[in-house]
Amino acid sequence: MDARLIPESKDSLRANRELLTKNKTFQRMSQDAANGREFNDIIVEYNCAYSPEKPLKVWGGQHRSKSIQIASEKETSRYHGFRIYFCLTKEQRSALALVSNTNINVSNDLFDRQLEEIMVGLHLRKWCEQVGLLTVGEDFPDAKSHAERVTTQLARTFIVNFFLGKKKGAEFSSADQLLKNYYEPYLCESGTGTLDEKYYDIVKNQDSNIWKDKGLQEAGEAFALLNKAQNNAIKKSKINNKGFRNKALTLSVLPAWAFVAGLLQSHPARLKNHLAIPKLAKGASDPLNAKEMSTYKHDQDEKTYRGLGNRSSITDRQRMAQVFLARSLDPSACFDKKLIDKAVSTVIGLKVLSKGYAL
Amino acid sequence: MTRYYRELIEDAQWFCDQADNAQASLNQGRFTSASILFSFVALESFINNMMFDFTALPSGLLTPHEQGFLAEKAVELADSGANAGKFEITDKRRYQSLEYKIMFLVARFSKDTVDKGSTLWQRFQKMKNVRDSLTHPRKDEIKVPSLSEAEEAIGVTKEIIQLVSQKVWGKKVQF
């Protein structure tokens, strides 16, 4: 696989891009190869000028070749399709290398979108249209970075968290118990080539009424309004940056918000507070107070921590859930430093107590 | 903007470096004193913030005495109203010593207690005495701290922060 552009030169090094063995697609590919999948159109050059013990030099399909190699070590044997080039000139080899290494980077969002349509159908997209997270006729973006709207992963995450929260909330008979726990909003997997397990559990029954669930519908509509309000507020503010505009759509804010919406289904007064767009904190220009969140840091956090609600880590999701839960206590509460401080401290305190170390 | 233990330790280190550059001049004592004070302010900040985390817990998870200790407020027996006969937290300030706070946090929220016979605790006590001599000066005990004492104060406060962090949170912090 260490194909060279100038075979006769020892100074000519491996020309192909690095193998991405930790990439989920590669891991899936390896698994498929081990299960006896046939691969085709692997582009190789027959050349014995170097490493004559391996005359086929791989130019296109090195990940597939590596998967086959790993599978053959596990005694999986089958035919694969190769396109073999002979007697290439330097120019021809160079063109072949260039073409084979031109990688159109397919985003996880595109994978997710295609998989959703094939495996589940159009339910998720239609639901997003109904609640206002997508406009009619609009699809999930194929690359999140180019579009400021909900992705397939985020929409799935919303659905899953709403039902996870609802299930958890039903376990508590009193509102008091809600406060004595910390929560772990879930983030659906993306780009794995398979449907996220938790999401699949919810949608696998095609006769399921989840898409007509009134609570989910109401939560989706409220969230779409919050996202819109956040977006509009930041557009009008002095700091009109993308991160602040899309604060509601981050991988920790959205799961936490949806989880709390589910959790509070059996606590209508608090649910009402949660679903309402929060009033602005003093000095803030947007309902989620993105600037305050972006500067937030706890003593536990690493130096490189970029503020609350920016990362997809479980810690950030837990904290955001507590922030939303704290805000739901009082209809006039807003996302100010005091509320954020107290909510994060509560999660940290509860986590320490849950270790069971306490005497 | 809130200043955290990390920045305060950096301040202590900055003053220590200045003291090193000032060598034996009069300024060296000024810098070493400032460095020691900042080291302990960093430690106090870390401990107080950790105490704050537990004061944020919902009621019923800690006793009124524990809550009072964490909030540094007095706890008294209520003699009237709905809570008559029960202990409740008042608005009266009850400041706790740094040692007590450290001992309480470790004993209440970890599997362990502070080993007061350890070398680290002895070093901490020694440096705290130096800090106390700066904050509560007496003319018969005035002593300008040395550069090595300033360095030791930074080292020992960092080690105490790590000790408490590991015991209570189960993880190390980054400086």
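Guide: Of the 175 residues in chain B, 31% count as buried. Keep in mind that this is a predicted model.

Visitor: How many helices and strands are there in chain B?
Guide: Chain B has six helices and two strands. Reading from the N terminus, the order is α-α-α-β-β-α-α-α.

Visitor: And what does the C-alpha trace of chain B span along its principal axes?
Guide: About 65 × 40 × 40 Å.

Visitor: What share of the contacts in chain B comes from residues 24 or more positions apart?
Guide: Such pairs make up 57% of the contacts with a separation of 6 or more.

Visitor: Let's look at helix α6 of chain B. Which of its residues are buried?
Guide: Quite a list: B:Ala150, B:Ala153, B:Ile154, B:Val156, B:Thr157, B:Lys158, B:Ile160, B:Ile161, B:Leu163, B:Val164 and B:Val168.

Visitor: What covers them?
Guide: The cover includes α1, α2, α4 and α5 of chain B, together with α15 of chain A.

Visitor: How far apart are the end C-alpha atoms of α6(B)?
Guide: They are 33 Å apart. That agrees with expectation, because 23 residues (147-169) at 1.5 Å a residue should span 33 Å.

Visitor: What follows α6(B)?
Guide: B:Gly170 does, with a positive phi near 70°.

Visitor: How do α15(A) and α2(B) cross?
Guide: Their axes come within 7 Å and cross at roughly 85°. An angle from 65 to 115 degrees counts as roughly perpendicular, so α15(A) is roughly perpendicular to α2(B).

Visitor: Which residues make that contact?
Guide: From α15(A) there are A:Ser345, A:Ile348 and A:Gly349, and from α2(B) there are B:Phe52, B:Asp53 and B:Phe54. They divide into three nonpolar, two polar and one charged.

Visitor: Switching to chain A itself, how do α11 and α14 pack?
Guide: Helix α11 (residues 253-263) and helix α14 (residues 314-327) of chain A have axes 8 Å apart, at an angle of about 45°. The two helices are therefore oblique to each other. Is the crossing left-handed or right-handed? Right-handed, as α11(A) passes α14(A).

Visitor: And who touches whom there?
Guide: α11(A) brings A:Val253, A:Pro255, A:Ala256, A:Trp257, A:Phe259 and A:Val260, while α14(A) brings A:Arg317, A:Met320, A:Ala321, A:Phe324 and A:Leu325. That contact has ten nonpolar, no polar and one charged residues.

Visitor: Is A:Cys87 buried or exposed?
Guide: A:Cys87 counts as exposed, because there are 8 C-beta neighbours inside 10 Å, and 12 or fewer is the cut-off for exposed.

Visitor: And what about A:Asn289?
Guide: Phi of A:Asn289 is also positive, near 50°, again in a residue other than glycine. A:Asn289 sits in the loop between α12 and α13 of chain A. With 28 other C-beta atoms within 10 Å, A:Asn289 is buried.

Conventions:
Residues are numbered from 1 along each chain as its sequence is written. Chains are lettered from A and ligands numbered from 1 in the order in which they are written. This is a predicted model: local features need pLDDT of at least 70, side-chain atom pairs count only at pLDDT 80 or more; totals for chains, interfaces and linings use all residues. Helices (H or I, at least four residues) and strands (E, at least two) are DSSP runs, numbered from the N terminus. The expected span of a helix is 1.5 Å times one less than its number of residues. A residue is buried if 20 or more other C-beta atoms lie within 10 Å of its own, exposed if 12 or fewer, and partly exposed in between; C-beta atoms are placed from the backbone. Two residues are in contact if their C-beta atoms, placed from the backbone, lie within 7 Å. Axes are lines fitted to C-alpha atoms, for helices over the stretch in contact, and angles run from 0 to 180 degrees between N-to-C directions. Angles under 35 degrees count as roughly parallel, over 145 as roughly antiparallel, 65 to 115 as roughly perpendicular and the rest as oblique. A crossing is left-handed if the near helix is turned anticlockwise from the far one by less than a right angle, and right-handed if clockwise. Ala, Val, Leu, Ile, Met, Phe, Trp, Tyr, Cys and Pro count as nonpolar, Asp, Glu, Lys and Arg as charged, and the others, Gly among them, as polar.
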